[in-house]
Amino acid sequence: KAKRKAEAGIISEGKRVKESTPESASQSNGQEYRKTHEIVVNGRCPPPIETLSAAETVLGRLLVAALREQGYKTPTPIQAQAWPVALRGED
């Protein structure tokens with residue numbers, strides 16, 4: 001079942017963001033993005049996923065295609081910061 005999901009372009013179970021966060025997530029560890037969008041984080045927090053192209057590498061082709069179909073051009077600020085945290089299994 002998990003293999004079928006992975007083949008369909010959906011993230012497989014147990015995939016950690018640290019291993020799969022795209023380089024385009026931000027050279028500055030997301031600091032400029034967070035400042036622009038007034039996102040405040042405490043402690044260690046992975047950088048936001050700033051583009052749907054970058055999100056595709058961790059969320060999968062099908063999910064990103066569905067977001068684009070709904071009219072999204074970029075992740076919302078909460079999506080951009082929450083996806084990496086959720087994919088690490090944290091809240």
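Predicted model: local features only at pLDDT ≥ 70, side-chain atom pairs only at ≥ 80, totals over all residues.
Begin by selecting Tyr72, which you will find in the loop that runs between helix H5 (61-69) and helix H6 (77-87). Tyr72 counts as partly exposed, because its relative accessibility is 34%, a value that lies between the 20% limit for buried and the 50% limit for exposed. Now show what surrounds Tyr72: leaving aside residues up to four places away in sequence, it touches Leu52, Leu67 and Gln79. Although Leu52 and Tyr72 are 20 residues apart along the chain, their C-alpha atoms are separated by 8.5 Å.

Next, select Ile49, Leu52, Ala54, Ala55, Val58, Leu59, Val64, Leu67, Trp83 and Leu87, the 10 residues that make up the largest nonpolar core. At least two residues of this core come from each of helix H4 (52-59), H5 and H6, and the helix that gives the most is H4, with five residues. In soluble globular proteins, nonpolar side chains tend to be buried together.

Finally, select Glu56 and Arg68, which form a salt bridge in which the closest N and O atoms are 3.6 Å apart. The structure holds one salt bridge, and this pair links distant parts of the chain, since Glu56 belongs to helix H4 and Arg68 to helix H5, 12 residues apart. Are these two side chains buried, partly exposed or exposed? Glu56 counts as partly exposed because its relative accessibility is 31%, and Arg68 is likewise partly exposed, with a relative accessible area of 39%. Side chains of opposite charge can pair when their charged atoms come close.

Notes
Residues numbered from 1 in each chain as written. Heavy atoms only, no water. Helix = DSSP H or I, 4+ residues; strand = E, 2+ residues; numbered from the N terminus. Buried < 20%, exposed > 50% of the residue type's maximum accessible area, 1.4 Å probe, protein only. Contact = heavy atoms within 4.5 Å. Core = buried A, V, L, I, M, F, W, Y, C linked by side-chain atoms within 4.5 Å. Salt bridge = Lys/Arg side-chain N within 4 Å of Asp/Glu carboxyl O.
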